[in-house]
Amino acid sequence: MYRELRDGKWSPVNDVVAAGTGGYTVRNSMVLGRDGRLHVLMRNHTRIEHVSAPWEKAWTAASWGEARGITADGAYYVALGVDSNNTLHAFWSQALVDDPQHPRPECPNCANLFYRRSSDGGLTWSAIVNLSHSSDGDNRPQVKVDRQDRIHVVWDQGEDWYAGAGTPKRGIYRRSDDGGKSWRPPVEFVVPDDAVQQTTLAVTPEGNPMVVYRTVTGKIYYQTSLDGGDTWAPPARLPGVVARDTIGNSLDQYSMESDSAGNVHLLMVGYLDTVVNPELRPPSLFHLTWNGTLWSAPETVMSNELYPEWPVLVVGGGNQLHAVWYTRNADDRLNSERARYRIWYSGRRVGAPATTPLPLFTPQPTAEPTVEATTVPTPTRTAVPASFAEIPPPDGPPRWETRSLSTIALALLPIGLMVAGLFLVRRLRQ
């Protein structure tokens, strides 16, 4: 479903893309490319597809192009980024079926995190790269592309909700300095005697990343980097708030963005740390700001009888905050099959300077070269059997083609004889 806020008014809701049945969670991610198109990754059935439309005509289904699959079945979480050259950077979690000889007992058949890129607007994509090579589950990716076109990505490692296995363990950060061709070693975010989840990413105008995450015990931490992500300050507690419980829903997330002045804005669901017995009341949606030194006091965006979840925050024009989230009531939050969700929007301006967006341009289509995965620590995998590896390449057309051609020729033979007979009769009559 699509609607847009233009000149202060919301358009009607319109159905623009049909994501098939079988995988009822769409899990989309959208960016505006330098080509003037809205690019979307969405979950259709159980695979991830790319679809796009001109931004000024996105309200109509006729403007959305053909959906193109970029993954196999078994994919779930997605994240999409775009750089100044209009290269799309796609990340997704996808289940790996365990090799019986090398099982993953803590997280059987759990997902790893994968990556592809496209430099021609989604027509072709690079080779698939496994960014995690993990024995655990890898989920909830978030991506940011800085002004130097470096790609920063974070995700959770440990639990895989989709596979129903594993337990939360740590957050992971990686960076690419060459447009996704290679990736720096992973950085782990861990807290002693606790487990990390809901890892959230922001990048300042200078290209310095910052993460916020929660633990399973409800504490919220942040970490900063002043050198682009090479080194990180130790974890520090986020003041004034605690995380909501995960009873009935471990699928929540936080969201962060930087404004033009370098302030980091966090949107999160939780409680004030002064609340007594928070499990007896719905959580609130809060906005907090990091000025490079201190966090602001929590600002309440929404607090009532509803349960807010899955907030998303973006900054437009350098100083305009746009927030969306959904809610369920107390009866429905433990029964998502009832599907009584509500979508909310709120926005405000902050004191940062206004900025002008980068101009749009018409990219020159170029096919994506094959990308080799960088070497990272990986569980042992079963090697290709020698009987397969030593098979020589085929000589000539595949056997099924020659069989098919023979079958087609036999099928057409009676028709050819009939046509020849009709031609002969016609000549005799003449």
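Biologist: Which ring does the charged end of Arg27 sit over?
Modeller: The charged end of Arg27 sits over the ring of Trp310, with 4.6 Å to the ring centre; the rule asks for NZ of Lys or CZ of Arg within 6 Å of the ring centre and within 35 degrees of the ring normal. Please keep in mind that this is a predicted model, in which local features need pLDDT of at least 70 and side-chain atom pairs pLDDT 80 or more, while totals for chains, interfaces and linings use all residues. Residues are numbered from 1 along each chain as its sequence is written, and side-chain values use heavy atoms, leaving out hydrogens and water.

Biologist: And Arg237, which ring is under its charged end?
Modeller: For Arg237 it is the ring of Tyr221, and here the charged end is 5.8 Å from the ring centre.

Biologist: Back to Trp310 for a second, which aromatic cluster is it part of?
Modeller: Trp310 belongs to one aromatic cluster with Tyr76, Tyr77, Trp161 and Tyr162, so the ring that lies under the charged end of Arg27 is also a member of that cluster, where rings of Phe, Tyr and Trp (its six-membered ring) pair if their centres lie within 6.5 Å, with planes under 30 degrees apart called stacked, over 60 edge-to-face and the rest tilted.

Biologist: How many aromatic pairs does that rule give?
Modeller: The count comes to 17 aromatic pairs by this rule. One of them is formed by Phe91 and Tyr115, whose centres are 5.0 Å apart and whose planes make an angle of 40°, which puts the pair in the tilted class.

Biologist: Where do Phe91 and Tyr115 lie in the chain?
Modeller: Phe91 is in strand E8 (residues 88–95) and Tyr115 in strand E9 (residues 111–118), so the pair ties together parts that are 24 residues apart in sequence; strands here are DSSP runs of at least two residues, numbered from the N terminus.

Biologist: Buried or exposed, those two?
Modeller: Phe91 and Tyr115 are both buried, where buried means under 20% relative accessible area, exposed over 50% and partly exposed in between (1.4 Å probe, protein chains only).

Biologist: What about Tyr222 and Trp295, what kind of pair do they form?
Modeller: Tyr222 and Trp295 form an edge-to-face pair, at 5.6 Å centre to centre and with 75° between the planes. Their pair links distant parts of the chain, 73 residues apart: Tyr222 belongs to strand E17 (residues 220–224), whereas Trp295 is in the loop between strand E22 (284–290) and strand E23 (299–302).

Biologist: Are they buried or exposed, Tyr222 and Trp295?
Modeller: Both Tyr222 and Trp295 are buried.

Biologist: Changing topic, how many disulfides does the structure hold?
Modeller: The structure holds 1 disulfide, a term for a pair of cysteine sulfur atoms within 2.5 Å.

Biologist: Which cysteines does the disulfide join?
Modeller: It joins Cys107 to Cys110, and the distance from S to S is 1.9 Å in the model.

Biologist: Left-handed or right-handed, that link?
Modeller: The link of Cys107 and Cys110 is left-handed, with -85° about the S-S bond.

Biologist: And are Cys107 and Cys110 buried or exposed?
Modeller: Cys107 is buried, and Cys110 is buried as well.

Methods
Helices (H or I, at least four residues) and strands (E, at least two) are DSSP runs, numbered from the N terminus.
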